[in-house]
Amino acid sequence: MYILECSDGSYYTGSTVNLKLRILQHQNGEGANHTKTRLPVKLVYFEEFSTVQEAFYREKQIQKWRREKKEALIAGNFEKLKELSRKSSS
């Protein structure tokens with residue numbers, strides 16, 4: 001599971017079995033529609049999983065997050081991430 005920062009500052013979250021190849025595809029305009037028009041992209045975060053299903057589940061989870069929460073994850077600010085998680089569940 002990975003997060004890309006696009007040239008317009010937006011984030012794209014995806015999952016793949018070959019991260020290097022997938023990023024190359026995004027850079028070549030062969031990725032998702034969101035990234036095609038926002039090149040270049042930069043890898044800002046990734047997590048590895050044992051199964052494709054786990055990675056896909058995590059991708060969908062993060063796609064639902066607000067920008068602020070994604071940025072806390074990217075920065076490794078786990079205290080802020082916990083705080084934002086509490087706010088969204090209350």
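The stops below each begin with something to select, followed by what is found there.

**The whole chain**

Begin with everything shown as a cartoon, and bear in mind throughout that this is a predicted model. The chain holds 5 helices and 3 strands, and when it is followed from the N terminus these elements come in the order β-β-α-α-β-α-α-α. The radius of gyration is 13 Å, close to the 12 Å that the globule rule gives for 90 residues, so the chain is as compact as a globular protein of that length. If you turn the view along the principal axes, the C-alpha atoms fill a box of roughly 40 × 30 × 20 Å.

Of the 90 residues, 34% count as buried. Among the contacts in the chain with a separation of 6 or more, 49% are made by residues 24 or more positions apart.

Select T13, which sits in strand β2 (residues 11-14). Is this residue buried or exposed? T13 has a relative accessible area of 3% and is buried, because anything under 20% falls in that class. Beyond its neighbours within four places in sequence, T13 is in contact with M1, Y2, I3, E59, I62, Q63 and K70.

Move on to S15, in the loop between β2 and α1 (19-27). At 24% relative accessibility, S15 counts as partly exposed. With neighbours within four places in sequence again set aside, the contacts of S15 are M1, Y2, A55, F56 and E59.

Next, centre on P40, in the loop between α2 (33-36) and β3 (42-46). Most peptide bonds are trans. The bond that joins L39 and P40, however, is cis, with omega about 0°.

Leaving out neighbours within four places in sequence, A72 is in contact with N77, K80, L81 and L84. The C-alpha atoms of A72 and K82 lie 9.3 Å apart, across a sequence separation of 10 residues.

Then go to K87, which is found in helix α5 (residues 78-89). K87 is exposed, with a relative accessible area of 53%. From K87 to Q61 the C-alpha distance is 16 Å, and the two are 26 residues apart in sequence.

**The largest pocket**

Rolling a probe the size of a water molecule over the atoms shows where empty space is left. The largest pocket has a volume of about 250 Å³, and of the 16 residues that line this pocket, M1, T16, V17, F49 and A55 are the closest to its centre. Which element gives the largest share of the lining? Helix α3 (residues 52-63) does, with 3 residues. Colouring the lining of the largest pocket by residue class will show 9 nonpolar, 5 polar and 2 charged residues.

Note on methods
Residues numbered from 1 in each chain as written. Predicted model: local features only at pLDDT ≥ 70, side-chain atom pairs only at ≥ 80, totals over all residues. Heavy atoms only, no water. 1 Å grid on protein atoms, 1.4 Å probe; cavity = no way out; pocket = protein on both sides within 12 Å on 5 of 7 lines; lining within 4 Å. Points joined across faces, edges and corners; volume = space filled by probe spheres on them. Helix = DSSP H or I, 4+ residues; strand = E, 2+ residues; numbered from the N terminus. Nonpolar A, V, L, I, M, F, W, Y, C, P; charged D, E, K, R; others polar. Rg over C-alpha atoms; globule rule 2.2 N^0.38 Å. Buried < 20%, exposed > 50% of the residue type's maximum accessible area, 1.4 Å probe, protein only. Contact = heavy atoms within 4.5 Å.
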